[in-house]
Amino acid sequence: MMDSEDQGVEEAHLYASKEEMENLVLDDPLSSKSYSNYRSAVSTLSDNQHPLSPSIAVTPADSDPLLAPPHYGEFGNPSAPDNSYIDPPSYGDAIFSPFNENNGNDVNVVDSPSQSSGSSPSFSRSSSGSEYLKITVSNPVKEQETSNSFVPGSNTYVTYLITTRTNIPDFGASEFSVRRRFRDIVTLSDRLAESYRGFFIPPRPDKSIVESQVMQKQEFVEQRRVALEKYLRRLAAHPVIMKSDEFKAFLQVQGKLPLPTTTDVTSRVLDGAAKLPKQLLGDSVIAPNEVVQPAKGGRDFMRLLKEFKQSMVNDWGSSKPPVAEEDKEFLEKKEKLQELELQIANASRQAESLVKSQQDMGETMGELGLAFIKLTKFENEEAVLNSQRVRATDMKSLATGAVKASRFHRELNAQTVKHLDTLHEYLGLMLAVHGAFSDRSSALLTVQTLISELSSLQSRAEKLEAASSKIFGGDKSRISKLEELKETIRITEDAQHVATREYERIKENNRTELERLDRERQADFLNMLKGFVVNQVGYAEKIADVWTKVAEDTSRYVNDDST
Amino acid sequence: MTMNPTNASLSGSMQSPRSQSSQPFLSVSVTDPVKLGNGVQAYISYRVITQTNFPDYQGPEKIVIRRYSDFVWLHDRLFEKYKGIFIPPLPEKSAVEKFRFSAEFIEMRRQALDIFINRIASHHELQQSEDLRTFLQADEEAMERFRAQESGIFKKKPSDLMQIFKDVQSKVSDVVLGKEKPVEESTPEYEKMKHYIFELENHLAEAQKHAYRLVKRHRELGQSLSDFGKAVKLLGDCEGNALGKAFSELGAKSETLSIKLQKEQAYQILMNFEEPLKDYVRAVQSIKATIAERANAFRRQCELAETMKLKEINLDKLTLTRSDKVAEAQHEYNELKVESEQAAQTFETIVRLMNEEMVRFQEQKTKDMGIAFHEFAKGQARLANGIADAWRSLIPKLESCSSS
C-alpha cells in the first residue's frame, strides 16, 4: 500500500503545474521514508534538522509566534519547507502559555536548532536550577588504526566530536571538545557501572555486530551519532554521574581516554589462573578489596562457585539466609515498578500505532488534495461552459484546504512523536533500574556468602581448638593450622564488613534513586501529557480554520445552516 | 420521508407540495429498506412514495414496493427510449456477498436510488415517461410482469455495452491520434467533448479512490486513539495520585474522540463526500454510454445513406431497363428513404439533446460538488473543533497537577 501511495504522490508531481508544486513541496523525507517505524520516524526527524539548521534564523524561544504564522506551510514560503518541524511547539505554548516557565523542563521547546539532533524531550533538566551541561555529538570522521596491521584499511574506525558547554565550575572551563570512538563509550559505561553500583545508570547504545562495510555507511554512522548523543545527554542529566570523574575525564581529557579498558580489568585472568591451584585446595579467601565488585569470571572462579552455592541455599534451603532482603518497602516498590514497566511498554506500543495513523491521515489528505488540483487544472483547461470554471474554483478551494490540512496533520505528528518519545525514554530507564537492583542483589549474595563462609570457618576453628587442647603440651602442626585459620577468619571478617558496608551503600543508592525516579518521572510524564494535549489543541484549531474557510467558500450551495 | 439537504438540491425537483399547488410537481422518496426472502434469494425491498399532481398519476400520494432490479428495469427502458439524454446512473449492481446486507451498504444504496429516481422525476423530458409512471404507480405483481417481459428483448447485455464502450474508446483515441475512420463523426467540438469525458473519468476515479482511503484513515485513527486511550488509562492506574488521574482522563478523552472519528466522521465522509464522487463517476460513465449510442446512430445514418445511394442507382438502372422489378424496387427505395430520414432525425435529435444535456450536466455537477465540498469541509471543521475542545478541557486539570 505504501508503494502505491508514494507512487501517487510522485505521479501527482508530474501533473501538477510547476508553480503549484513549488508551493506544495509535499515530497519531504518524512513522507517517503518508512513512517510505519516509529523509531525511524524519530531518526528521520533528526536527519531533517541538520541540513535545515542554517536556514532557521529564529529560535522558538525568541520569536513571537503570533508574528510568525507564515512558517506554517502557507503558500509562498517555498524556501523553508520543513521549518514547520521547529516552529509549531512555541505556537501552542504561546497561545496556551500554561507551562513554559519550567527551566528547560518544557518538552516543547527544542534546544537551539543548530545543536539539536531532534532528540527527545530535553533531558537536560538540571536538579539545581541554574546548572547547565549541554553535550553535542557531531562530525563523524573515519580514522585509521595506526597499528601493526598488514592489511591496509582494515582497521578503520569512526571518531565523533564531543562538544560540551557548561557552567559547572568542576569542569574548569565553559566549552571544550574531544574526539572519541565508540569503544571509548563502552569503556566509560563499564567503568561507571563499577563505580556507581546501585544507581540508575542509563544504558549505553548497543554494540552492533555488523560488517565493517556497514559500519562505514552514512546511515549507520548517523544513527550511532544520534544514539551517542542521547546517551551522553542522559548521563549529563543524572545529578551524580554528571559530576563523576569518569564522565569528566571522558568529556575533557584530550587524546586517549584515561580510563582502564575492560580488557585491562579482566586481564587479571592470568592472576586468576595462578590463583586457581590454591583456590582448589580449599584455602581460598575472598579478599576485602574484591568484595566491592560482583564476582566476575576468570579470576573469581572460587568466589563465583561459593556465591552460587549460597544462592542455591537461599532458594532451596530450609532455613532463612543469614541476611535477607527484608526491606518491605523496597519489595513493594519493586513490584510496582515491574507493573509500571509493563504499562509503559504497552503505552509506548500504542503510541507508535497512533503516530502511524496520524501520519497516514496526513498523507492521504495530501493525496486527495493533489488529485483535486489535477482536476482543477483539467477543468480549467477544458472549460467550455462557465459552470465548469466555477466548479474548478470550488475544487481549488477544496484542494488547497486539503493540502494545508495535510501539512498540519503531519506537523502535528512530528510533534506528537517528540512528546510521546518520553515513554520510550522511560523504557530505557527501566533497564537502568534493573541494573541497579541486580547490583543490590549481587551485593547481598556476597554478604550472605561471606557470612556462611565465616560461620563454617569458625566452626572449623572451634573443632581444631577442641582437638588440640586434648593433647598435652600442644600439637605443633595443629596449632600452626589454627593460627592460619584464625588469620583467614580475620580476613574474612574484614571482607564481610566491607561487603556489608557496600551492600548498605548500594541500598541507599537505590533508595535515593527511586525517589529521584519518582519525582522526575512525575514531572516528565506530566510534561509529556501537557505537550501532547497542547499540541493536539493547537493543530486541531489550525485545521479547523482551514476547513471553515473552505466551508465558507462553498456556503452558497447550501441554504440551511445545520451543524 | 427523508429529504436531506443533499438530496433536495441534487434533484432540483420542484417538490414543495404546500406552495404553488397549481404548479405541476412530482416528488418521490425511496425509504424503508427491508430485507426479504431467504438465503441466496434474499433481497432488499424499498418503499417508494410518490407525491404529485400530475394528471396521469394517482395522486396526491401513492406508495409502492420496489426492489433494485425494478430500478434497473426503469433505467434500461429509459436508456432505450431517450437516446441522447444522460440517464441518471444507478448504484453498482453487485457487491461482495458479506457486505451486501451491511447497514452501511443498504443506506448508501437507498440514498443513491432516491437520488436516481428524483433526478428522473425532475428532468423535463424523462418525467413524462410512461415507464416512469409504471414504475411509480403499478402494483407489485404488474411490476413483476413488466420486468419479466422486457428481459430478453430490449435488455442489452452488459458485455454488449462493454464492447461498444471499447469500440468508442478506441475510435476516440484513433481520431485523437489522427487516424481518421470515415464512419465516425469527427467535428472538433465533439472530439473535444469525447476527450473531455474520457479524461474526466480518470481524474474523478482517482479523486474518489483517495476519498475512500480517507474514510479508512479516519477509522484507523479512531482505532488507534481507542487503543492508546486504553493503554494510557492502564498507565494511570499504575501511577496513582493526581498524575494517575490525569492519565485516566486523557485516556478517556482519547476513547471518546475515537468514537467521533470512527463512527461519526468516517460515516459522514463516506455518505456525503465519497458517494457523491462515485456518483459523479457513474454519471460520466452514463455519458459514455450515450456517446456509444450516438456513434451507433451516426453509423446507422451513414449506412442507410450509403444503402440509399446504392438503391437509387439500382432503381435508375431498373427504370432504364423497364424491368418489372421497378415497382418493387421503388417501394423498397421509398421505405428506405423513410428509414434513412428517421435515422438522420434520430441522430440529429441525439446531437441536440446531448448539447443540452451537457450544459445541464455541468451545471448540475457544479452544484453537486459544491454541496459535497461544503459538507465535507463543514464536517472536517466540526471534527477538528470537537477534537480541540476535547483536548482543551484537559488543560486546566493538567495545570493543577503541576502546581501541586
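Predicted model: local features only at pLDDT ≥ 70, side-chain atom pairs only at ≥ 80, totals over all residues.

Trainee: What is the pattern of secondary structure along chain B?

Mentor: Chain B comprises 10 helices and 3 strands. Taken in sequence order, these elements give α-β-β-β-α-α-α-α-α-α-α-α-α.

Trainee: What area is buried between chain B and chain A?

Mentor: The size of an interface is often given as the accessible area lost when the parts come together. Here 68 residues from chain B and 70 residues from chain A take part in the contact. Carbon and sulfur atoms give 72% of the area buried between the two chains, which is about 6,000 Å².

Trainee: Which residues of chain B lose the most area to chain A?

Mentor: Three residues stand out, together giving 11% of what the side of chain B buries. They are B:Arg217, B:Phe228 and B:Phe373.

Trainee: Which residue forms a salt bridge with B:Glu239?

Mentor: Between chain B and chain A there are 6 salt bridges. In the one that involves B:Glu239, the closest N and O atoms are 2.7 Å apart, and the partner is A:Arg521.

Trainee: Which element gives the most residues to the side of chain B that touches chain A?

Mentor: The elements of chain B that give two or more residues to this side are α1 (5-11), α7 (188-239), α8 (241-320), α9 (326-392) and α10 (395-403). By class, the side has 37 nonpolar, 14 polar and 17 charged residues. With 27 residues, the element that gives the most is α7(B).

Notes: Residues numbered from 1 in each chain as written. Chains lettered and ligands numbered in written order. Heavy atoms only, no water. Contact = heavy atoms within 4.5 Å. Buried area = accessible area lost by both parts, 1.4 Å probe. Salt bridge = Lys/Arg side-chain N within 4 Å of Asp/Glu carboxyl O. Helix = DSSP H or I, 4+ residues; strand = E, 2+ residues; numbered from the N terminus. Nonpolar A, V, L, I, M, F, W, Y, C, P; charged D, E, K, R; others polar.
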